[in-house]
Amino acid sequence: MPMNANEIETLIKEALPDAQVEIRDLAGDGDHYAANVVSEAFRGKSRVQQHQLVYEALKGNMGGTLHALALQTKAPD
């Protein structure tokens, strides 16, 4: 069963409470999303480390229920 954008946003915000999250459904199938995530937790971390924080927030859904997530992450300006 596919995930909806609200579920993805909720999981990310549970793990990163200060996060500003924008989710877009890329294919209309609930399986392919793009996410822009801005969080202070990313400051000083590499892009890979930032993405790992988001994947951890998704609690194992990445690669299963959620097939593809194009991520853009950064610390606040």
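My entries on salt bridges and a loop position follow.

I am working with a predicted model, in which local features need pLDDT of at least 70, side-chain atom pairs count only at pLDDT 80 or more, and totals for chains, interfaces and linings use all residues. Residues are numbered from 1 along each chain as its sequence is written, and side-chain values use heavy atoms, with hydrogens and water left out.

**Salt bridges.** I searched the whole structure and got 4 salt bridges (a side-chain nitrogen of Lys or Arg within 4 Å of a carboxyl oxygen of Asp or Glu). Helices (H or I, at least four residues) and strands (E, at least two) are DSSP runs, numbered from the N terminus.

I then checked E40 and R43, whose side chains meet at 2.5 Å, N to O. K74 and D77 form another salt bridge, at 3.6 Å, N to O.

**Exposure.** I used these classes: buried is under 20% relative accessible area, exposed over 50%, partly exposed in between (1.4 Å probe, protein chains only). K59 is exposed at 56%, and D77 is exposed at 90%. E40 is partly exposed at 40%, as are R43 at 45% and K74 at 38%.

**Loop position.** Where is T65 found? I located T65 in the loop between helix 2 (47-57) and strand 3 (68-74). T65 is partly exposed, at 30% relative accessibility.
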